[in-house]
Amino acid sequence: MAERLKHKSKIHERLNNPELRCKTGCGFYGNPAWQGYCSVCFREVYLKQHKTRDAQMRSAKLLKDQQDQAEKLQFNKFEEKKKFKTESKKESVKNLFKKKPLQVEGTSRPSPSSTSNKKPSDFKEFLKTLRRPAAHDVSEQCKSFVQQVYDNKTLSVSQQSEMVQDFYGAMADRLESHLIFKDQPQEVLDSTLSNIEKYIMTRLYKIVFCPATTDDEEKDLELQKKIRSFHWIKPQHLDAEIDETNDEVVKLLEDAQHDLVEINTKRAPQDKLNCVVRCCKKIFKIIHLSTPSGGAVSADDFLPCLIYIVLNANPTMLHSNVQYISRFCNPNKLMTGEAGYYFTNLCCVVTFINKLDAQALSMTQSDFNRYMYGDENGPVSEDTTDKGDPEPPVTCKGLELMKENLELLAKLRERQNRLKHDALELHDQITEYRVNIVKEVDAILAGTSDGNTYLKTPTPTEIQQASTSGLPSIETATS
């Protein structure tokens with residue numbers, strides 16, 4: 001018990017490393033994507049720099065909207081009146097031939113106010129809302145912004161991120177004063193803004209996710225290779241409260257790993273973030289089922305379990321997905337609520353794995369090397385392998401069997417090449433022997449040979465070589 005508590009204290013000491021904490025010393029975990037700050041401090045310190053610039057942009061935009069509105073009000077009254085009369089005549093003619101629908105007693109047609117108050121709960125409903133004439137300006141702004149990003153292909157990913165974040169802020173202000181959305185509750189506005197995020201980021205995904213101008217792909221490969229090397233880590237190495245003998249816990253483990261793998265299949269940042277949230281909620285259930293007392297779950301119990309699940313899942317392009325969410329997700333989601341908390345912990349896990357060593361696992365360096373490389377002395381360098389030193393012993397039986405099979409295949413390939421070479425030589429000898437027989441017969445018929453001019457009897461040495469090579473002699477082959 002004392003040994004377990006000592007091991008647990010070392011794990012927590014490693015997780016409490018000042019390098020993983022916020023730069024301001026507030027006690028929360030920092031995020032490299034937020035320049036080492038936590039979500040709260042990032043909002044106070046970093047976003048304060050853009051407050052003045054955003055205010056200037058909003059005031060300029062508001063002034064422009066007012067000017068546009070004033071220009072629209074300056075119309076020709078005579079032309080407007082003429083247009084109104086023409087349209088009213090058309091409508092009256094249409095009404096003459098329009099068949100009125102029958103109304104059933106006790107039923108009433110829905111009022112426009114009741115339909116306008118309907119919450120756009122899903123993305124399909126939001127797309128229907130964008131097709132309405134009243135929302136035409138919102139739809140055009142989204143399309144224009146997407147086209148603007150596509151046209152500016154020389155922008156860096158940080159500049160693209162800044163453009164997207166500014167667009168979120170501008171659209172949030174626009175929705176508060178929009179004809180359709182201004183009287184809606186705050187949750188409807190938040191849902192609409194989330195749908196706008198999904199709408200534009202789904203179309204921008206190909207050019208902003210893991211762009212070639214960054215080193216995201218290289219870091220993805222490094223992180224995936226590093227996670228693969230830690231395949232031997234068990235829950236006890238991280239002091240994670242996971243009972244792998246419980247069938248329900250095993251099922252939740254598989255589902256949580258599936259949620260992490262599913263992150264790379266989504267396009268919108270919020271959908272990727274939802275996968276993280278689902279995974280983390282399952283982790284709390286796992287800890288609750290694995291704890292004998294079944295009491296409350298603390299953050300100290302949560303983080304080691306998340307590390308273990310990330311190591312087992314080894315999600316594809318994890319670094320790129322974390323960077324994509326940090327750059328293009330709505331900051332209100334990342335800085336508040338459970339989604340922001342879970343995502344911050346995931347960033348901390350990625351940082352922890354990149355720095356994982358023997359000390360973090362409370363192991364001796366020799367034990368760590370034996371697990372990692374199969375040798376207590378650590379990995380074999382290129383200089384020692386060039387000198388012909390023996391390879392480190394393979395600890396996996398499957399790898400040993402594969403190595404034996406490869407050696408056997410190499411020997412069979414060498415023997416096959418040798419047999420092929422001997423067969424080609426035999427073919428040439430048979431062809432030459434056949435030609436010599438024809439010449440010898442012609443010479444005998446012409447009376448110029450006694451049968452030994454072109455045909456030579458093989459020597460005992462040649463007969464012995466043919467027998468040892470496993471191929472038939474010339475006489476045997478021709479007979």
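## Buried and exposed residues

A residue is called buried when its relative accessible area is under 20%, exposed when it is over 50%, and partly exposed in between, as judged with a 1.4 Å probe and protein chains only. By this definition Asp239, with a relative accessible area of 8%, is buried, and its place is in the loop between α11 (235–238) and α12. The structure is a predicted model, in which local features need pLDDT of at least 70 and side-chain atom pairs count only at pLDDT 80 or more, while totals for chains, interfaces and linings use all residues. Residues are numbered from 1 along each chain as its sequence is written, and side-chain values use heavy atoms, with hydrogens and water left out.

## The chain as a whole

The chain has 22 helices and zero strands, where helices (H or I, at least four residues) and strands (E, at least two) are DSSP runs numbered from the N terminus. Of the 479 residues in the chain, 34% are buried. The chain exposes about 31100 Å², and carbon and sulfur atoms supply 53% of this area, the accessible areas coming from the Shrake-Rupley method with a 1.4 Å probe, where for residues only the protein chains shown count as cover.

A contact means heavy atoms within 4.5 Å. Among contacts between residues at least 6 apart in sequence, 68% join residues that are at least 24 apart.

## Two nonpolar cores

In soluble globular proteins, nonpolar side chains tend to be buried together. A nonpolar core is a set of buried Ala, Val, Leu, Ile, Met, Phe, Trp, Tyr and Cys residues joined through side-chain atoms within 4.5 Å. The largest such core in this model has 55 residues, and those with the most contacts inside it are Phe230 and Val310. Several helices each supply at least two residues of this core, including α10 (216–229), α12 (247–261), α13 (269–290) and α14 (299–313). Leaving out residues up to four places away in sequence, Val310 touches Ile227, Leu260, Pro315, Leu318, Leu346, Val349 and Ile353.

A second, separate core holds 31 residues, among them Cys142, Val149, Met171 and Cys210. Val138, which lies in helix α7 (residues 136–151), is buried, with a relative accessible area of 2%. Apart from neighbours within four places in sequence, Val138 is in contact with Leu130, Met171, His178 and Ile196. The C-alpha atoms of Val138 and Leu175 are separated by 8.6 Å, although these residues are 37 residues apart along the chain.

## A network of salt bridges

A salt bridge is a side-chain nitrogen of Lys or Arg within 4 Å of a carboxyl oxygen of Asp or Glu, and the structure holds eleven of them. Asp259, Glu262, Lys266, Arg278 and Lys282 are linked in a network of salt bridges.

Arg278 has another partner in Glu262, at 3.3 Å, N to O, and Glu262 lies in the loop between α12 and α13. Asp259 and Lys282 are both buried, whereas Arg278 is partly exposed, with 33% relative accessibility.

Most residues other than glycine have a negative phi, and most peptide bonds are trans. Asp239 has a positive phi, near 55 degrees, and is not a glycine. Asn314, also not a glycine, has a positive phi of about 45 degrees. Asn314 lies in the loop between α14 and α15 and counts as buried, at 16% relative accessibility.

## A nonpolar patch on a helix

Leu399, Met402, Leu406, Leu408, Leu409 and Leu412 form a nonpolar patch on the surface, with about 580 Å² of accessible area together. Patches are made of residues with over 30% relative accessible area and no salt bridge, with like charges joined within 9 Å and nonpolar side chains (Val, Leu, Ile, Met, Phe, Trp, Tyr) within 5 Å. Leu412 lies in helix α20 (residues 397–446) and is partly exposed, with a relative accessible area of 45%.

An unreviewed UniProt entry carries the annotation "coiled-coil region" for residues 399–429. UniProt positions are given in the numbering used here, feature names are shortened, and annotations may be inferred rather than shown by experiment. In the model, this span is 100% helix and 0% strand, and its end C-alpha atoms lie 45 Å apart.
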